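Here are my notes for a colleague who is opening this entry for the first time. Please keep the sequence and the model side by side while reading the numbered points.

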Amino acid sequence: MIKIIRLKTFDVKALKDINNLLVQIGLTKIMPGVLTDKVFKELLSQKNVYLLVARSDSPNQKLVGMLVLYFIRVPSGLYAVLEDLVVDKPYRKWGVGRLLVEESVRLARSQKARRISLRTNPIRLEANALYEAMGFKLMKTNFYRINLFL
């Protein structure tokens, strides 16, 4: 059984599990050591950031999936953004990603957010199919970025 929870306190084992998950989406290849103790604690301390994890009920209570949901208020309203959804490879096709996204939608509704936005790579076919099946619509928009780190 998988349980979706919001991590609120620092836990060394959780940090290790999350870093193992981040490797699977290639984030640590771009920014090695991205989730240090310091960054993890900072993330957990932000009231508008929800670090949701999927915890297995196995004896070691391994984190088998995660995502970050954050809220931002701007003049036009409160918006939610979903980032870094990843499910541990052996647990894919078990509905873990769906459970994480469902909890994000529930939380965003409870906060009265106008919408949830997310980006995903078009080559991630399964992720794209999941989002579409859950009612997310592909937007035709320009997306710009400037990298600020080397």
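Leaving aside its neighbours within four places in sequence, which residues is Ile116 in contact with?

1. Confidence. This is a predicted model, and the chain averages a pLDDT of 91, with 94% of the residues scoring at least 70. Confidence is highest in helix α4, residues 96-110, at a mean of 98, and lowest in helix α2, residues 27-30, where the mean is 55. Where pLDDT is low, the predicted coordinates should not be read in detail.

2. Overall dimensions. The radius of gyration of the chain is 15 Å, which agrees with the value near 15 Å that a compact globule of 150 residues would have. Taken along the principal axes, the C-alpha atoms fill a box of roughly 45 × 35 × 30 Å. The accessible surface comes to about 10300 Å², and carbon and sulfur atoms contribute 56% of that area, while 38% of the 150 residues are buried. Of the contacts in the chain with a separation of 6 or more, 60% are between residues 24 or more positions apart.

3. Order of elements. The chain holds five helices and five strands, and from the N terminus on these elements follow one another as β-α-α-α-β-β-β-α-β-α. The five strands form an open sheet with mixed pairing, in the order β1-β2-β3-β4-β5. The edge strands, each of which pairs on one side only, are β1 (2-7) and β5 (116-118). From one strand to the next, the twist averages 25°.

4. The β1 side of the sheet. Strand β1 pairs with β2, residues 49-56, in the antiparallel sense over six bridges, and within this pairing Ile4 has Ala54 of β2 as its bridge partner. Helix α3, residues 37-45, lies across β1 and β2 and runs at about 110° to β2.

5. The two hairpins. Strand β2 is also paired with β3, residues 63-74, in the antiparallel sense and over seven bridges, with Tyr70 of β3 as the bridge partner of Val49. These two strands form a hairpin with six residues between them, and Gln61 in the turn has a positive phi of about 50°. Strand β3 is in turn paired with β4, residues 77-87, over nine bridges, again in the antiparallel sense, and here Gly65 stands opposite Val87 of β4. The hairpin formed by β3 and β4 has two residues between the strands. When following side chains along these strands, a reader may bear in mind that in a regular strand they alternate between the two faces of the sheet.

6. Two buried residues in helices. Asp17 lies in helix α1, residues 12-24, and because its relative accessibility is 9%, under the 20% cut-off, Asp17 counts as buried. Beyond its neighbours within four places in sequence, Asp17 is in contact with Gln61, Lys62 and Leu63; Gln61 is the residue with positive phi in the turn between β2 and β3. Gly97 has its place in helix α4 and also counts as buried, because its relative accessibility is 10%. With neighbours within four places left aside, Gly97 is in contact with Leu85, Val87 and Leu130. By contrast, Gly97 and Val74 are 23 residues apart in sequence, yet their C-alpha atoms are 28 Å apart in space.

7. Ile116, and the opening question. Leaving aside its neighbours within four places in sequence, Ile116 is in contact with Ala80, Leu82, Ser104, Val105, Ala108 and Phe136. Val81 is 35 residues from Ile116 along the chain, and the C-alpha atoms of the two are separated by 5.3 Å.

Note on methods. Residues are numbered from 1 along each chain as its sequence is written. This is a predicted model: local features need pLDDT of at least 70, side-chain atom pairs count only at pLDDT 80 or more; totals for chains, interfaces and linings use all residues. Side-chain values use heavy atoms; hydrogens and water are left out. Two strands pair if DSSP finds at least two bridges between them. Helices (H or I, at least four residues) and strands (E, at least two) are DSSP runs, numbered from the N terminus. Axes are lines fitted to C-alpha atoms, for helices over the stretch in contact, and angles run from 0 to 180 degrees between N-to-C directions. Contact means heavy atoms within 4.5 Å. The radius of gyration is taken over C-alpha atoms; the globule rule is 2.2 Å times the number of residues to the power 0.38. Buried means under 20% relative accessible area, exposed over 50%, partly exposed in between (1.4 Å probe, protein chains only). Accessible areas come from the Shrake-Rupley method with a 1.4 Å probe; for residues, only the protein chains shown count as cover. pLDDT is the predictor's confidence in each residue, from 0 to 100.
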